[in-house]
Amino acid sequence: MTRELMKGNVAMAEAAIRAGLDAYFGYPITPQSELLEWMSKRMPEEGRVFLQAESEVAAINMVYGAACTGARVMTSTSGPGISLMAEGISYIAGTEVPAVIVDVVRGGPGLGNIAPSQGDYRQVAHGAGHGDFFPIVLAPSSVQEAVDLITEAFDLAEKYRTVVFIVADGSIGQMMEPVSLPEPRAIQREAPDWAVTGAEGRPRRTLTSLYLQPEEEEEVNLRLVRRWREAEANEIRYREYYLDDAEYVVMGFGTAGRVALSAVRAARAQGIRVGLFRPVSLRPFPYQAVRELAEKAKAFLVVEMNGGQMLDDVKAAAQGQVPIRFYGRMGGVVPFPDEVLDEIHALVSEPPTLDEDPRARWLDNMQRRMS
Amino acid sequence: MTVAAPTKPKNLKLVYQRPESLVDSATHYCPGCTHGIAHRLVAEVLDEMGLREKTIGIAPVGCAVLAYEYFTFDGVEAAHGRAPAMATGIKRVLPDRVVFTYQGDGDLASIGMAEIMHAAARGERITVIFINNAIYGMTGGQMAPTTLPHQVTTSSPRGRDVATQGYPIRMAEILANLDGAAYIVRRSLHDATNIRKAKKAIRLAFEAQVRDLGFSMVELLSTCPTNWGMSPVEAMEWVRDNMVPTYPLGDYKVAPELQKLRV
Ligand SMILES: Cc1ncc(C[n+]2csc(CCOP(=O)(O)OP(=O)(O)O)c2C)c(N)n1
Ligand code: SF4
């Protein structure tokens, strides 16, 4: 297959079009705007729907409406936009209709900045909107992986009638890499049997997230939990590197995982038995796999571009079985492989203890670095 | 005991029946509330235009949150104020269907102000039935953007003080200024004559949509006897005496293609 040099945002957009996207609704925000711009050019060329909404609030509700018709639909944004979409995301989840959302994460909170960050981990993986629901969250670490995950995201959204997030930190949206795009899929699909399309020759259908009777709402809640358990059983995704004989395990997702891989390779060259575990599905989180590593490894190093948001999931999975060190860069700072290599050295030379708080040591180290 | 279904006596003309678009059930609306009248008018118009099987209705958050229960066509339930955005999403992927929103004044003129303005500005081929009852019905009678000056509500207990609580918003006048709008009118549901006029307006609004002319909205002055603390009759009179002077009835924008239309 031929490979093209493409910017992450553009590659994700084109991949979505090839995955049979019917409609895109969005609002400009850096570092995701090229995705929207690409859609504005390509979707009309394909005779499909592109609309620049008046806000992220409107965009997600347009997605909601289109999703109710059974259309394959997506939006893309960055953290401040996800905050505005939270309401609509919750309605989509409560109505059990499929939608794909790309979050190209920037520095925050507040207006923050437009540099790459992983600060939205908790927002999408643990929050995403009010009420009881779980979105599926996938985190690529390269442009190619982003392309592959987009295609999969639509299938997962439809299979589980859920929201699927692609969480790409700003660097994946912005960098150019060679990618091979999938063959275009046919767009013509039969509307699913729940879709609202006009009651022509059939009884009416209604789609709602309103269940006034608590028992009825509970039934819906339980259905969502059951569906989620199915996703937990079938959709956990992660990548392992050099783990077979590893004594030390580095953990990181997205760009942090990619940077960590370079550091792991350098450490291996120095004879350190270290490997990398890179979660790809942040939800469902690979708790079991992390737990098994915790039983084997001497120590973990968790690397993130935030203040330890995935760290908390790793701790929950490890259940105190392994000492953990944490290294985070925040505010849009991307760590260099050398920094992570230094951390691997420190992990070996001054191992953390089981009962220490990884954040405390990290904060002390950051303090020393700054002063 | 079984009751035989009523049969149509010979030689008699059927002049009144439940519209096919309307479900045969009681509604949850309070006695004297005009929501039920508005529902029926929409149902009659869609029946007469033969559009029932092509229609997708969008319920708001407000007293009409369950509106989709009362119609026999397809329906969805939007987030508070977001019905025009949801309608946009539906209409854009299904352009040959008839899509309408049904919204209260809190929904449309407060929390959903951005969505309604932009749907109109884009000329979305949707129809909006706007129920202006000058109050938040569902949440217990708080002040709405359409509440009249000095009107007492549960959140303006001394009457709406325009100095601190602002002035009523006239949505029909505002939306008529937007180029994307094809049909924008205000009618009232306070008596039979006005109800007939309202029905005609709803017909023209859907005609605007099926003729691909642009955005259409019918604002309907409505009652909320429960939260106004009035009997149904007093509420109708209050619309006539207090709301109509603040919200003048009339045509604010009618596309030329519709002006010639006889319905
Ligand atoms: C985001 C959000 N904020 C507030 C509410 C609570 N709420 C429900 S209905 C309503 C007002 C409805 O008033 P209106 O639109 O005038 O309709 P009516 O009930 O009078 O028909 C409010 C504030 C909500 N459901 N969602
Ligand atoms: S509270 Fe008011 S608007 Fe709501 S159903 Fe009762 S009368 Fe109608």
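Helices (H or I, at least four residues) and strands (E, at least two) are DSSP runs here, numbered from the N terminus. This is a predicted model, where local features need pLDDT of at least 70, side-chain atom pairs count only at pLDDT 80 or more, and totals for chains, interfaces and linings use all residues. Residues are numbered from 1 along each chain as its sequence is written, chains are lettered from A and ligands numbered from 1 in the order in which they are written, and side-chain values use heavy atoms, leaving out hydrogens and water.

**Stop one: chain A**

Buried means under 20% relative accessible area, exposed over 50%, and partly exposed in between, with a 1.4 Å probe and protein chains only.

Now pick Thr162(A), in the loop between helix H6 (143–160) and strand S7 (163–169). Is Thr162(A) buried or exposed? Thr162(A) is buried, because its relative accessible area is 11%. Leaving aside residues up to four places away in sequence, Thr162(A) touches several others, including Val97(A), Phe134(A) and Leu156(A); contact means heavy atoms within 4.5 Å.

Most residues other than glycine have a negative phi, and most peptide bonds are trans. Zoom to Pro31(A), in the loop between strand S2 (23–26) and helix H2 (33–45).

Next comes Ala128(A), whose phi is positive, near 75°. Look for Ala128(A) in the loop between helix H5 (121–127) and strand S6 (136–138); at 6% relative accessibility, Ala128(A) counts as buried.

**Stop three: chain B**

Switch to chain B, with its 11 helices and seven strands. Its C-alpha trace spans about 65 × 45 × 35 Å along the principal axes, and 57% of its 263 residues count as buried.

Select His150(B), in the loop between strand S4 (127–132) and helix H6 (162–165). Phi of His150(B) is positive, near 75°, and at 67% relative accessibility His150(B) counts as exposed.

**Stop four: ligand 2**

Finally, select ligand 2 and show what is near it, with a heavy atom within 4 Å. Among its neighbours are Tyr29(B), Cys30(B), Cys33(B), His35(B) and Cys63(B). Which helix gives the largest share of this shell? That is helix H9 (residues 225–228) of chain B, with three residues. By class, the shell has six nonpolar, five polar and no charged residues. Here Ala, Val, Leu, Ile, Met, Phe, Trp, Tyr, Cys and Pro count as nonpolar, Asp, Glu, Lys and Arg as charged, and the others, Gly among them, as polar.

Stay on Cys33(B) for a moment: Cys33(B) is buried, with a relative accessible area of 17%.
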